[in-house]
Amino acid sequence: MKITFLGAAGEVTGSQHLIETDSRQILLDCGLFQGHREESYIKNSRFAYPPESLDAVFLSHGHMDHCGNLPRLYSKGFRGPVFCTSSTADIAEIMLKDSARIQEEDARYLARKLTEKHPPIEPLYSEDDVNGVVKHFERLDYHEWHELGDDLKVRFLDAGHILGSAIIEMKIKDQREWRHIVFTGDLGRRDLPLLRDPEPIEGCEVLISESTYGNRVHEKASDMKEELFQILDEAYRVEGRVIIPAFSLGRTQQIIYYLNDLYNEKRLPYIPIFVDSPLSTRLVSVFRHHIHDMDDEVKNVIESDKDPFGFSLLNYVSSREESIALNKRKGAFVVIAGSGMCENGRVRHHLKNGIEQLETTIVLMGYQAAHTLGRRLINRDPKVKIFDRYYEVKAKVVQLSGLSGHADVEDFKWWYEESAKQGNIGQVFLVHGEPNSSKALSELIRDQCDLEPVIPHYQQSFEI
């Protein structure tokens with residue numbers, strides 16, 4: 001059996017791993033590379049194998065760096081099944097359609113900016129390609145072993161990363177011998193709102209494991225609700241606006257859930273809250289539909305509160321006109337809008353109109369990558385560029401980091417120890433991490449594995 005690492009090897013995007021046996025070719029994830037436009041486009045547009053040769057794709061979850069290149073795979077000839085959880089199927093369809101729309105808009109914008117000599121910029125795929133590939137989604141329940149032929153059995157365990165995320169456990173026959181392989185996808189944390197804790201495995205021969213934060217300890221998620229209360233309470237007193245740039249998938253829903261908790265506890269100040277993100281609004285409907293995939297706390301909440309994503313002070317903004325009207329609104333209010341690092345979306349308009357007001361609070365959720373507007377705000381740059389002009393940063397800037405959906409050092413330590421108690425862990429390959437993080441995790445888990453963990457390079461293959 002051969003495993004080739006075709007993405008998220010030595011980096012944290014483009015998750016894609018090819019498993020080849022004497023009778024099957026199987027792909028784990030098909031994510032988008034994200035980064036420098038030209039380099040990413042080249043990586044995303046080409047596949048290291050004929051797409052039509054794949055028997056199946058197994059999808060761990062609906063983040064774009066894991067599912068975002070499936071329509072391109074379809075456009076190049078893939079027609080096999082894409083196995084995933086039901087929640088992931090619904091999330092991925094929404095995310096992929098949004099991605100196709102953005103790519104087409106970007107292509108039109110760049111066409112106006114480029115010279116005639118420059119070759120045209122084409123989208124990686126169209127909405128027709130999205131519609132084509134989602135018809136091949138096959139939904140599998142958690143915890144059951146699914147027989148997918150006389151040489152392949154698969155089971156999904158909860159990864160605890162986002163709604164629908166799965167650890168993919170696979171038993172595959174190669175040269176008449178059964179092999180046991182596990183892929184973590186993105187491993188989540190314990191005690192996150194909405195989500196069940198990641199589930200340990202019962203040992204395996206080969207483990208492909210993410211390592212994003214193998215050298216970091218996160219703040220506790222449980223502190224987040226109280227921090228949000230303090231921010232909103234102060235905004236109410238000074239009659240200021242609160243701007244929360246947040247990722248549309250996962251982070252926005254968790255913030256809403258905490259605000260709903262404060263409302264139910266009668267602690268939420270009387271301050272209107274606006275979710276100004278059409279994508280977030282569409283995804284909230286998926287969360288409402290898949291309450292059964294959430295943790296026991298949510299199930300207890302809905303016994304007395306049928307909708308943990310809706311309360312009287314919460315408003316979902318649908319039209320562009322409603323969004324523009326918020327910029328002229330007076331008094332205290334909260335607006336939650338994409339994107340999480342302030343690089344695009346409606347949040348930039350809200351920042352432009354509030355950043356020079358002393359009463360404004362900007363709440364940044366989690367990591368802000370280098371060279372982003374979010375990073376410049378965290379760095380307390382006195383002036384920042386939004387669209388085509390500079391603005392003085394007079395607003396208060398707060399960073400809250402308790403809602404990261406990735407396992408940290410303590411979560412990895414717990415998960416590997418619990419898994420090793422239930423069965424031997426053979427060869428581990430560490431992916432989806434920068435080199436320093438993967439190396440740190442390798443050292444942390446060495447004693448739980450039968451063999452020295454391996455950190456593969458991009459396009460590197462291993463005979464197992």
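# Reading rings and helices in a predicted model

Guide: Welcome! A search of the whole structure turns up 10 aromatic pairs. This is a predicted model, where local features need pLDDT of at least 70 and side-chain atom pairs count only at pLDDT 80 or more, while totals for chains, interfaces and linings use all residues. Residues are numbered from 1 along each chain as its sequence is written, and side-chain values use heavy atoms, with hydrogens and water left out.

Visitor: What counts as an aromatic pair?

Guide: Rings of Phe, Tyr and Trp (its six-membered ring) pair if their centres lie within 6.5 Å; planes under 30 degrees apart are stacked, over 60 edge-to-face, and the rest tilted. Here phenylalanine 5 and phenylalanine 429 make a tilted pair, 5.2 Å centre to centre with 45° between the planes. Phenylalanine 5 belongs to strand β1 (residues 2–5) and phenylalanine 429 to strand β20 (residues 425–431), 424 residues apart. Strands (E, at least two residues) and helices (H or I, at least four) are DSSP runs numbered from the N terminus. Phe5, Phe429 and Phe462 form one aromatic cluster.

Visitor: Which pair is edge-to-face?

Guide: One example is phenylalanine 33 with tyrosine 458, at 5.9 Å centre to centre and 85° between the planes. Phenylalanine 33 is in the loop between β3 (25–28) and α1 (37–45), and tyrosine 458 in the loop between α14 (435–445) and β21 (460–463), so the pair ties together parts 425 residues apart in sequence.

Visitor: Is phenylalanine 33 buried or exposed?

Guide: Buried means under 20% relative accessible area, exposed over 50%, and partly exposed in between (1.4 Å probe, protein chains only). Phenylalanine 33 is buried at 6%, whereas tyrosine 458 is partly exposed at 33%.

Visitor: Where does a charge sit over a ring?

Guide: The test asks for NZ of Lys or CZ of Arg within 6 Å of the ring centre and within 35 degrees of the ring normal. The charged end of arginine 389 lies over the ring of tyrosine 391, 4.0 Å from its centre. Arginine 196 lies over the face of tyrosine 142, at 5.2 Å from the ring centre.

Visitor: And what does asparagine 260 touch, leaving aside its neighbours within four places in sequence?

Guide: Contact means heavy atoms within 4.5 Å. With those neighbours set aside, asparagine 260 is in contact with Asp305, Asp307, Pro308, Gly310 and Phe311. Asparagine 260 is found in helix α7 (residues 251–264) and is buried, with a relative accessible area of 1%.
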